[in-house]
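Here is a structure to look at.

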Amino acid sequence: MHPKRKIAYFSVQIFPKKKTNMKRTPIVELLNTAPAEQTVNARGWVKTKRGNNFVNFVALNDGSVIHDIQIVADVAKFDEELLKSLSTGSCISVIGKLVASQGKGQKVEIQADSIEVYGTADPDTYPLQKKAHSMEFLRENAHLRLRTNTFGAIFRIRHALSYAVHSFFDRKGFYYLHTPVITAADAEGAGQMFQVTTLDLKKLPLTETGEIDFSQDFFGSSANLTVSGQLQGEAGALALSQVYTFGPTFRAENSNTARHLSEFWMIEPEMAFYDIQDNMDLAEEFLKACIAYVREKCADDLAFLNERYDKELLERLKFVLENQFERLTYSEAVEILAGSNHHKKGKFQYPVKWGVDLQSEHERYLVEQHFKKPVILINYPKEIKSFYMKQNADGKTVAAMDILFPGIGEIIGGSQREENYDKLMARVRELGMHEEALHWYLDLRRFGSAPHSGFGLGFERMMMFLTGMTNIRDVIYAPRAPKQIDF
RNA sequence: UCCUCCCUAGCUCAGCUGGUUAGAGCACUUGACUGUUAAUCAGGGGGUCCUUGGUUCGAGCCCAAGGGGGGGAGCCA
């Protein structure tokens with residue numbers, strides 16, 4: 001390579017144009033700067049304004065940190081109308097001196113020399129006040145709720161958690177695989193799908209037998225939004241050894257609960273040469289690494305949420321980090337449940353019986369009452385699990401694992417995959433699945449198959465655990481759910 | 001989709017057994033106040049009581065249907 005063509009990726013020199021404006025300093029930096037009457041520029045949105053005839057105090061926030069910086073404005077130095085326009089929600093740029101605060105609530109403040117108003121916010125119509133609002137009200141103002149302390153904290157944590165995910169897998173030698181968002185007919189059976197089409201819904205082309213003729217549709221067959229990247233992930237793992245996906249996932253189920261969304265983000269690692277034990281080890285290490293990262297990176301935001309919403313949040317994060325997850329089989333869990341006083345007193349609404357899927361109340365009992373810590377359940381009856389899971393030697397169970405968290409329920413679902421072509425094919429036929437659509441997936445077992453495992457993590461459920469939010473609609477920018485597509 | 005609760009001022013909520021002109025705090029507005037911390041104090045304006053229909057001399061309140069939202073369940077991550 002010619003020496004002149006060498007590119008310095010990490011130290012790019014930029015030749016600035018002539019400076020016209022003073023450069024903004026993020027409030028997070030200003031709050032951590034020693035005050036020495038240096039001239040600084042802060043820009044952000046007004047939280048509150050207080051004061052008297054002589055001096056006004058503005059709490060300014062730019063989203064860089066949960067704390068506001070206090071702007072001090074001498075009434076005599078500023079136009080009356082300008083000061084009046086600094087109402088809650090307005091956006092301003094302030095140039096002034098960074099000084100030690102005379103007041104008690106903060107260390108530093110800005111003594112304003114000039115204030116420019118970028119955008120006013122009429123107090124009569126601006127929905128947010130300097131008072132606490134209900135989560136329901138904020139949900140109906142999703143475009144503005146980002147400006148509140150609570151949602152600022154939530155979205156800084158959301159970013160940190162995303163970063164923690166990529167960072168963890170990168171350290172472990174995984175590759176980030178971008179699997180398709182639009183897929184062909186439902187192969188996995190993971191639930192109702194959203195259909196994607198360019199056909200004219202008012203004039204659908206029909207075949208001779210009266211069915212809709214998808215050969216005339218955009219892709220030449222029916223198409224849907226993905227419900228999981230797992231099957232494609234397996235193709236990745238059986239080539240790159242360790243991959244993960246992290247993308248939007250769509251389920252058209254009519255679910256109206258505090259822990260379901262129609263559009264959510266899912267993380268799906270898939271690993272060649274991993275058995276179910278390796279899979280569990282990775283999942284536990286992964287969850288702990290993410291929690292540890294966010295706890296360190298977002299200490300202020302977590303402290304705020306702990307103080308305001310959930311006094312046990314920090315304690316719970318610490319507890320999960322310091323304790324081993326309880327691991328047991330489905331059969332053992334059923335025994336514990338059947339032998340519990342809770343069951344004997346008839347307090348379970350649904351029956352506890354081997355072969356039947358555990359209900360929410362059963363999972364909660366195990367996690368919140370019996371073990372009082374995260375639980376990993378493995379080896380479920382094959383009838384209640386997906387076709388691709390590894391069939392155990394007992395002929396009755398599959399190598400599935402679910403990780404259950406307090407207050408949230410299932411946060412991870414995974415399994416070792418069936419790598420044997422004949423066994424997998426038998427299951428596909430047993431369940432009457434569409435072999436044609438699965439040809440490429442079955443091929444993975446015909447050519448260079450290998451033992452492999454993986455799991456799926458609901459990103460927003462992890463967010464609920466980290467933030468203490470009790471409704472999944474409050475940890476995503478704009479929740480998509482039945483009858484809800486605003487913002 | 002099922003069960004259940006809720007809907008009263010911009011926001012949070014009170015409103016008795018069905019009875020005159022529907023209230024409070026915050027927000028807004030006017031005034032007071034030399035450093036406030038959701039500033040404070042005093043005055044003022046502000047209502048389709050979710051909608052429609054019914055019962056009644058009289059409905060915010062009782063009944064029915066519809067709409068929106070919360071909590072729980074199922075499906076799952």
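**A strand and a pocket**

Q: What makes strand β10 (residues 242-250) largely enclosed by the rest of the structure?
A: Buried means under 20% relative accessible area. In this predicted model, eight of the nine residues of β10 are buried, so the strand is largely enclosed by the rest of the structure.

Q: How do you know that β10 and strand β11 (residues 263-272) pair?
A: Pairing needs at least two bridges between two strands. β10 and β11 have nine bridges, in the antiparallel sense. They therefore count as paired. Across this pair, Phe246 stands opposite Ile267 in β11.

Q: How do you know that strand β6 (residues 175-176) pairs with β10?
A: The cut-off is at least two bridges. Two bridges join β6 to β10, so the pair qualifies. These strands run parallel. Here Tyr176 stands opposite Tyr244 in β10.

Q: Why is the second largest pocket said to lie between domain 1 (27-126) and domain 2 (147-191 + 227-325 + 373-474)?
A: Both domains give residues to the lining of this pocket, so it lies between them. The pocket has a volume of about 620 Å³. Of its 31 lining residues, those closest to the centre are Lys47, Leu128, Arg147, Thr148 and Asn149. β1 (38-51) and α4 (149-171) are the elements that give two or more residues to the lining.

Q: Which element gives the largest share of that lining?
A: α4 does, with six residues.

Q: What makes up the lining of the second largest pocket by class?
A: There are 12 nonpolar, 11 polar and eight charged residues.

Technical notes: Residues are numbered from 1 along each chain as its sequence is written. Chains are lettered from A and ligands numbered from 1 in the order in which they are written. This is a predicted model: local features need pLDDT of at least 70, side-chain atom pairs count only at pLDDT 80 or more; totals for chains, interfaces and linings use all residues. Side-chain values use heavy atoms; hydrogens and water are left out. On a 1 Å grid over the protein atoms alone, a cavity is a set of points where a 1.4 Å probe fits but cannot get out, and a pocket is an open set with protein on both sides within 12 Å along at least five of seven lines; lining residues have an atom within 4 Å of a point. Grid points are joined across faces, edges and corners, and a volume is the space filled by probe spheres set on the points. Helices (H or I, at least four residues) and strands (E, at least two) are DSSP runs, numbered from the N terminus. Ala, Val, Leu, Ile, Met, Phe, Trp, Tyr, Cys and Pro count as nonpolar, Asp, Glu, Lys and Arg as charged, and the others, Gly among them, as polar. Domain bounds come from an automatic or database domain assignment. Buried means under 20% relative accessible area, exposed over 50%, partly exposed in between (1.4 Å probe, protein chains only).
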